[in-house]
Amino acid sequence: MRYLPHTAQDRRAMLQTIGVNSVDDLFVDVPRSAVLAKPVDLPDHAGELAVERTLSKMAARNVAAGTVPFFVGGGAYRHHVPAAVDHLIQRSEFLTAYTPYQPEISQGTLQVLFEFQTQVALLTGMEVANASMYDGATACAEAVLMANRLTRRRRAVLSGGLHPQYRAVVETQSRFLDGEIVAAAPDATGEEDLLALIDDETACVVVQNPTFFGHLHDLRKLAEVCHANGALLVVAVTETVSLGAVTSPGAMGADIVVGEGQSLGNALNFGGPYLGLFATREKFVRQMPGRLCGETVDADGRRGFVLTLSTREQHIRREKATSNICTNSGLCSLAFTIHLSLLGEDGFRQLAALNHARACEAAARLAQIPGVSVLNNSFFNEFTVRLPRAAAGVVDTLAERGVLAGIPVSRLLPAAGLDDLMLVAATETTTEEDVAAFGDALAEVLR
Amino acid sequence: MSDVRFTKDHEWVRLEGDTATIGISEYAQEQLGDVVFIELPTVGADVEAGGDAAVVESVKAASEVYSPVLGRIVEVNDDLEATPGLVNESAEDEGWFWRMELSDPDELEALMTAKDYKAFLEGLD
């Protein structure tokens, strides 16, 4: 039995009202070549037991991050999420993916958002943070649009150290909003100089720290040159845990900081849902996209929380809104805040130190292998190695041997001529045995 | 007493010499309620008649303020940044938004006089 509420007669009446003959007529704008002319090739329905058996068999073909030595990063990191996080986010008072639409009745949710914003502002060294975006890449694109509004310019300079997927999202968003993108070449060695690309038409410069290739930079000089030209410095952070060890972007002069918050509280989840972080200076707050929770007092002087500055938002200001985002990653931000609260400031710093130490061990081990060199002079928990041959084949061979080695740079930058490079990430979940297994297997494969 | 003209979008214009001062009407501020923020245009910017020039944000809504006439912005009321409430207290005087040089002062003739505007408002109720 199919649970469709409309009868054939209902559908006929609706089609007649709008003046078309069939439902297919509504899709005439889809090019013929893109239309699937035959039924989707899926098996027929089956009983629950049979479906479970089939899907379990399919799922077993995945090599899960937690089951083998795992060194994959590139903007998504495997960290240990305390069991308390999952328990607490599932409490019925909290469990919703959304920001509430009658917000002030949900004081607990608003308080968590307020604390989340406070944490993000402290981590990034900024004055104000919003209640979160969809993910790091969309937050990055929003930062570019915000810089265009603030400077009344339209040109963004993107560093070659910016994650290629972030760059792609920025380019897509800008294409339809009259933005101009100047993208520097991929910067595997961390030596690029963006200063020459900045002039009085630059709206913003977008850099990532640590970069996609793992390099760390002192951004103070860059910030100075940006500001001297009336441009804004946007800093993207794809590994939030790095902020426990690295000078914050805010302290180095950033005007907008965006980030991927998945590392705290959120598992890899096959790539999403993730958590976009967005922070800026207070003077720019009215051009900041997204929801913002504020602290206030009620009629009796008691502390309370509200959604504030919402007249910037799409549901009130329509096409003149700062962004089309009307929501936030509620559940992911809750997990972030609970995880970071459990860690505390000292715990967060220790976690960062541990990540760096594990990565140092991995880099030292790999550098011993003949033909393998580490490109980085500095890194946090991820670095780039050069292999004596194409990295993609090596990574595949290692996967067959039960080691998930890292990301071949060619997977994300296929035409950059960087086929012999591999990104390697380590976290607190990496053990000495993992490093040894990786080192031994790579040495053997390259022999 | 200089001549004040009004638009259907509830802006007022007062011409003094070659310079026009623009703000929102007493009626507009009443409709908006407490004004909490004003985004002013940039000095030196050219604006068209009917084009966006400023944004006024109240506790209820954010609204565009349109330039009633074509011209170049020569001054903005910086006091509104710190005290947007001036618009509520004195919409048609101290709560002015910007001053501009007009490209064509005759454009003002097409706008409503105070008397016409009063009749227009009565028609709205």
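## About the model

This is a predicted model, in which local features need pLDDT of at least 70, side-chain atom pairs count only at pLDDT 80 or more, and totals for chains, interfaces and linings use all residues. Residues are numbered from 1 along each chain as its sequence is written, while chains are lettered from A and ligands numbered from 1 in the order in which they are written.

## The sheet in chain A

Let's start with chain A, where four strands make an open, antiparallel sheet in the order β10-β11-β13-β12. Strands here are DSSP runs (E, at least two residues), numbered from the N terminus, and two strands pair if DSSP finds at least two bridges between them.

At the edges sit β10 (373–374) and β12 (407–408) of chain A, each pairing on one side only. Two bridges link β12(A) to β13 (residues 421–425) of chain A in the antiparallel sense, and A:I407 has A:L423 in β13(A) as its bridge partner.

## Two hairpins in chain B

In chain B, β1 (residues 4–6) runs antiparallel to β2 (residues 11–16), with three bridges joining them. B:R5 stands opposite B:V13 in β2(B). Four residues lie between these strands, and B:H10 in this hairpin takes a positive phi near 70°.

Next, β2(B) is joined by six bridges to the antiparallel strand β3 (residues 19–24) of chain B, with B:E11 opposite B:I24 in β3(B). This hairpin has two residues between its strands, and B:G17 takes a positive phi near 65°.

## Where the chains meet

Six residues of chain A are in contact with five residues of chain B (C-beta atoms, placed from the backbone, within 7 Å).

Note on methods
Two residues are in contact if their C-beta atoms, placed from the backbone, lie within 7 Å.
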